Amino acid sequence: MNQDEFLALACAHMDEVFRLAFSCLKSRADAEDVTQTVLLRLYERNNPFEGEDHPRHWLIRVTLNECKKYWRSPWRHTEDFSDYANTLVFEQPQNGELFEAVMGLDAKYRVVVFLYYYEGYTLQEIASALKLPRATVGTRLSRARQQLRKILSEEVVP
C-alpha cells in the first residue's frame, strides 16, 4: 500500500475506528491507543484490498481484535467514561441519556448497537465483520433494544 492510499483510508475511517474502540473499551485513552495500533497495522498491510467495502470490514475486524487484546493486557487501565461523556455536546438532553444507556450495555450488545445505529451497517454486514451468524447479531440487537427500553423507562419514572 502506498502512502496516498494509506492517507485516504486513514482519513476516511479513523473516526469510525476510534468510536468503535471507545464503544468497546469505554476509555478515551485506550481507544486512542487502539486506533493508533489499527492505523499502524493498516500502514504495514502489504496485500491489496479486494473491493470497495473490504477496507472498512477489515478495519472493523482489526479494531475488535485489538480491543480484545487490550482487555487481556495486564497494563489495561480504566477511567470513568462519564468524564469523556461530559466533554460531548448533545443536541438534545435525551441523546446524552441514550449515550450513557448504550455505554452501560455489555460489550457484545454495545458493539452491535454501535455498528447498526451509529455506523449504519446491515445485520449481514455486522455478522460478517464479527464472524457471527446473522441470527446471533439479530438476537443481540433485539436484547440490546429490550435492555435500553428498560433502562430508559426506569429513568423516566420517578
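At 37% relative accessibility, Glu-32 counts as partly exposed, a class that lies between buried (under 20% relative accessible area) and exposed (over 50%), with a 1.4 Å probe and protein chains only. This is a predicted model, in which local features need pLDDT of at least 70 and side-chain atom pairs count only at pLDDT 80 or more, while totals for chains, interfaces and linings use all residues. Residues are numbered from 1 along each chain as its sequence is written, and side-chain values use heavy atoms, leaving out hydrogens and water.

**Overall fold**

The protein has eight helices and zero strands; these elements are DSSP runs numbered from the N terminus, with helices (H or I) of at least four residues and strands (E) of at least two. Of its 158 residues, 39% count as buried. Among contacts with a separation of 6 or more, residues 24 or more positions apart account for 66%, where contact means heavy atoms within 4.5 Å.

**Salt bridges**

Five salt bridges turn up in a search of the whole structure, each defined as a side-chain nitrogen of Lys or Arg within 4 Å of a carboxyl oxygen of Asp or Glu. Here are three of them, with their N to O distances.

| Pair | Distance |
|---|---|
| Glu-16 and Arg-56 | 3.3 Å |
| Arg-28 and Glu-32 | 3.4 Å |
| Glu-66 and Lys-69 | 3.3 Å |

Let's start with Glu-32 again. Arg-28 counts as partly exposed because its relative accessibility is 36%.

Glu-16 and Arg-56 form a salt bridge. This pair links distant parts of the chain, with Glu-16 in helix 1 and Arg-56 in helix 3, 40 residues apart. Glu-16 has 11% relative accessibility and so counts as buried, while Arg-56, at 24%, counts as partly exposed.

Glu-66 and Lys-69 are three residues apart in helix 3, so about one helical turn separates them. Glu-66 is buried at 9% relative accessibility, whereas Lys-69 is partly exposed at 45%. Both residues also belong to a salt-bridge network that includes Arg-41.

Two packed helices are described by the angle between their axes and the distance between the axes. The axes are lines fitted to C-alpha atoms, for helices over the stretch in contact, and angles run from 0 to 180 degrees between N-to-C directions.

Helix 1 (residues 3-25) packs against helix 3 at about 35°, with the axes 10 Å apart. Residues making this contact include Glu-16, Val-17 and Leu-20 of helix 1 and Arg-56, Leu-59 and Ile-60 of helix 3.

With helix 2 (residues 28-44), helix 1 makes an angle of about 145°, and their axes are 8 Å apart. Among the residues that meet here are Phe-6, Leu-9 and Phe-18 in helix 1 and Arg-28, Glu-32 and Val-38 in helix 2.

**A buried arginine**

Which charged residue is buried yet has no salt bridge? That is Arg-61, whose nearest side chain of opposite charge, Glu-66, is 10 Å away; Lys and Arg count as positive and Asp and Glu as negative, with His and the chain ends not counted. Arg-61 is found in helix 3 (residues 54-72). Its side chain reaches the backbone oxygen of Leu-130 at 3.4 Å. Leaving aside neighbours within four places in sequence, Arg-61 is in contact with Lys-68, Ala-129, Leu-130 and Lys-131.

Notes: Polar contact = N/O pair within 3.5 Å; in protein donor to acceptor, adjacent residues only side chain to side chain.
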